[in-house]
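This report goes through a few places in one protein model. Please look at the sequence and the 3D structure first, then read on.

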Amino acid sequence: MHSRKDILNDAKKMLEYYQALGFDSLPISTRAFSNAKVVSAGGKDERLLAVREEIGDCNRCKLSQGRKNIVFGVGNAGARLMFIGEAPGKEEDLQGEPFVGEAGVLLTRLIEKMGFKREDVYIANIIKCRPPLNRDPEEDEINTCRPFLDRQIEVIAPEFIITLGRIALMTLMNNNKIRITAARGNFFEYKGIPVMPTFHPAYLLRNPKDKWLTWSDVKKVLERMA
Ligand code: SF4
C-alpha cells in the first residue's frame, strides 16, 4: 500500500512532468484514471507461461546466435493495456526484460503519468531476441517470431494496445507502407482491439520536443478507457 509520502511524491512527479511539457494546469481530470481498473489475470498467467515454454531455448531464427536472453514480455497477464515495441536492446538482452534501459525509464514514466504502475500493464516486443547492433529486425525474423506475440495478445486480450515506433506498428498492421508520423494519434484495430500508435521512447530521447505528441496520443486511449 502507498504511504502518504509516496502519494505526495507521485503527485509532485506528475506536476513536474506536466510543467516540463509546458502546462500551467492539469490538461485532463485525473478522476478519469480512477476508472482505469486493472482486471484480474484469471488463468492467463498459466497460459502465458505455456507460450513461453513453447518458445523454449528458441533457435528458430538467426537472432538466436547473438542473444544473451530471450525477452518474452513483462507485466500483468490480465492487463487492460498492452504496449508493444520493436525488439530488445542491449540492456534488455542482458536483463531479459523489455524496456529497462534509458528508453525503458521514459516508458515507465509515461505509464505512471497515465495513472498506472508498470506492473499493471503488459509490455512486449515484436521480436524476442536482440538484433545485432540494434539494427531493424529483418522480414524473416519478424515472420518467425511474430506468432508468439499474436499468442501473447490472444491470451492477455487487452482492451487497448499502444504500439511504440514504426516497426511495431507496421508489423501489427501487416502494412509496411504505413508511416508513424502520419499514423500516430489515430486509432487502428488489431482483431477487434483498438490500437494507438505513438513514437518509440528511444525516438523521444533523441527528440524530446515530441514527448508532447506522445502524451496527446496516449491521452486519447485514457479518454476511451475512462
Ligand atoms: S527472435 Fe523469436 S524466433 Fe528468433 S530466435 Fe528469438 S525467440 Fe526465436
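Is Arg80 buried or exposed? Arg80 is buried, because its relative accessible area is 10%; buried means under 20% relative accessible area, exposed over 50%, and partly exposed in between, with a 1.4 Å probe and protein chains only.

## Basis of the values

The model is predicted, so local features need pLDDT of at least 70 and side-chain atom pairs count only at pLDDT 80 or more, while totals for chains, interfaces and linings use all residues. Residues are numbered from 1 along each chain as its sequence is written, and side-chain values use heavy atoms, with hydrogens and water left out.

## Arg80

Arg80 sits in the loop that runs between strand E1 (74–75) and strand E2 (81–85). Strands (E, at least two residues) and helices (H or I, at least four) are DSSP runs, numbered from the N terminus. A polar atom of the Arg80 side chain is 3.4 Å from the backbone oxygen of Met225.

## Val195

Val195 belongs to strand E6 (residues 193–198). With a relative accessible area of 0%, Val195 is buried.

Beyond its neighbours within four places in sequence, Val195 has contacts (heavy atoms within 4.5 Å) with Ile161, Thr163, Leu172, Met173, Asn186, Phe187, Phe188, Glu189 and Tyr190. One of these, Leu172, is 23 residues away from Val195 along the chain, and their C-alpha atoms are 9.2 Å apart.

## Helices H3 and H6

Helix H3 (residues 44–55) and helix H6 (residues 139–156) cross at roughly 170°, and their axes come within 9 Å. H3 is therefore roughly antiparallel to H6. Axes are lines fitted to C-alpha atoms, for helices over the stretch in contact, and angles run from 0 to 180 degrees between N-to-C directions. Angles under 35 degrees count as roughly parallel, over 145 as roughly antiparallel, 65 to 115 as roughly perpendicular, and the rest as oblique.

On the H3 side, Lys44, Arg47, Leu48, Val51, Glu54 and Ile55 take part; they meet Phe148, Arg151, Gln152, Glu154, Val155 and Ile156 of H6. This contact of H3 with H6 has 6 nonpolar, 1 polar and 5 charged residues. Ala, Val, Leu, Ile, Met, Phe, Trp, Tyr, Cys and Pro count as nonpolar, Asp, Glu, Lys and Arg as charged, and the others, Gly among them, as polar.

## Helices H5 and H10

Helix H5 (residues 102–113) packs against helix H10 (residues 211–225) at an angle of about 45°, with the axes 11 Å apart. H5 is therefore oblique to H10.

Leu106, Leu110 and Lys113 of H5 meet Lys211, Thr214, Trp215 and Val218 of H10. The residues of this contact of H5 with H10 comprise 4 nonpolar, 1 polar and 2 charged.

Conventions. Polar contact = N/O pair within 3.5 Å; in protein donor to acceptor, adjacent residues only side chain to side chain.
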